[in-house]
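Have the sequence and the model open side by side.

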Amino acid sequence: GDESAEYGDESADYGDESPDCDGEESSDYGDEGAPEVMLHIRGPKLQDAIVGEGSSITCAIAAPDFDETFQMFINGVHIQDIAGGGLWGDEANFQREKYVLENCTKETAIAGFIDELTEDHNMTEIRCSSAKYDEDITMTIILRPVNSSWCQAKMFRCPDQECIPSSWTCNGEPDCSDGADEQGCDGFNCASHLFQCPEKCIDFFSQCDGIDDCENGEDE
């Protein structure tokens, strides 16, 4: 359907600093193939913020072409369908933006700003998806109480005071900067893309490679 006016101006003015892409359509890349498609969610305060702080929130996809199908969802609701005046309506003022990066890759972004994060924002799921490139990315907002260094219920505190969901511990993927969430585990609940040995998680590609990675050799 048509893009909502609340997304703002779709065009971007690059001025004299616009990268020299020769004005060619990006759909023909010759023998080297198209640039890799990359999605990311930017928000410097979204995963270790203190209640009362503000943060930008940006979903972006860098791809061979601008992506008109790129969309953002808050707790499963499309941002166009969120009522104005609420936590994610007029307050965030999400805008749709386009940029040409230095390597001539095209970035499509949806960006907004929350002036003051509240308890109601905590554990909010942000999902951004592209139908054009069949890609999506998800991030959960994690907040800490004011003047506290401990984590809320169902959260694990890393030694550097970062709080992560308890479900991220002992899953074979270090999330704390020092890997503390993968230490001292009585058992493992490996992430879906990993193979579960009795004592650790290993990459699926380590199966049937002639090397015993599990202590009991069950990966072979």
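The questions below go from the whole chain of this predicted model to single residues.

Q: What share of the residues in the protein chain is buried?
A: Buried here means under 20% relative accessible area. The chain has 220 residues. The buried share of them is 38%.

Q: Which residue forms a salt bridge with Lys98?
A: Opposite charges can pair when their charged atoms come close. The count for this model is 1 salt bridge. In that pair the closest N and O atoms are 2.7 Å apart. The partner of Lys98 is Glu68.

Q: How many residues apart in sequence are the parts that Lys98 and Glu68 tie together?
A: Lys98 lies in strand β6. Glu68 lies in the loop between β3 (55-63) and β4 (71-74). The pair therefore ties together parts whose separation in sequence is 30 residues.

Q: Is Lys98 buried or exposed?
A: The cut-off for buried is under 20% relative accessible area. Lys98 has 16%.

Q: Which backbone oxygen lies 2.7 Å from a polar atom of the side chain of Arg96?
A: Arg96 sits in strand β6 (residues 95-100). Its relative accessible area is 1%, so Arg96 is buried. A polar atom of its side chain lies 3.3 Å from the backbone oxygen of Glu68. At 2.7 Å from a polar atom of that side chain is the backbone oxygen of Phe70.

Q: How far apart in space are Phe66 and Val100, C-alpha to C-alpha?
A: Phe66 is in the loop between β3 and β4. At 23% relative accessibility, Phe66 is partly exposed. Phe66 and Val100 are 34 residues apart in sequence. In space, their C-alpha atoms are separated by 9.0 Å.

Q: What distance separates the C-alpha atoms of Asn122 and Ile141?
A: Asn122 is in the loop between β7 (106-114) and β8 (125-130). Its relative accessibility is 15%, so Asn122 counts as buried. Along the chain, Asn122 and Ile141 are 19 residues apart. Their C-alpha separation is 5.7 Å.

Q: What is the phi of Cys104?
A: Most residues other than glycine have a negative phi. Cys104 is not a glycine, yet its phi is positive. Cys104 lies in the loop between β6 and β7, and is partly exposed at 25% relative accessibility. Its phi is about 70 degrees.

Q: Where is Asp134, which has a positive phi of about 55 degrees?
A: Asp134 is not a glycine, although its phi is positive. Its relative accessible area is 68%, so Asp134 is exposed. Asp134 is in the loop between β8 and β9.

Q: Which residues gather in a patch of negative charge on the surface?
A: Patch members need over 30% relative accessible area. Asp134 has 68%. Glu135, in strand β9 (residues 135-140), has 35% and is partly exposed. The patch is made of Glu36, Asp134, Glu135 and Asp136.

Conventions
Residues are numbered from 1 along each chain as its sequence is written. This is a predicted model: local features need pLDDT of at least 70, side-chain atom pairs count only at pLDDT 80 or more; totals for chains, interfaces and linings use all residues. Side-chain values use heavy atoms; hydrogens and water are left out. Patches are made of residues with over 30% relative accessible area and no salt bridge: like charges are joined within 9 Å, nonpolar side chains (Val, Leu, Ile, Met, Phe, Trp, Tyr) within 5 Å. Accessible areas come from the Shrake-Rupley method with a 1.4 Å probe; for residues, only the protein chains shown count as cover. A salt bridge is a side-chain nitrogen of Lys or Arg within 4 Å of a carboxyl oxygen of Asp or Glu. Lys and Arg count as positive and Asp and Glu as negative; His and the chain ends are not counted. The place of a charge is taken as NZ of Lys, CZ of Arg, CG of Asp or CD of Glu. Helices (H or I, at least four residues) and strands (E, at least two) are DSSP runs, numbered from the N terminus. Buried means under 20% relative accessible area, exposed over 50%, partly exposed in between (1.4 Å probe, protein chains only). A polar contact is a pair of N or O atoms within 3.5 Å; within protein, one must be able to donate a hydrogen and the other to accept it, and residues adjacent in sequence count only if both atoms are side-chain atoms.
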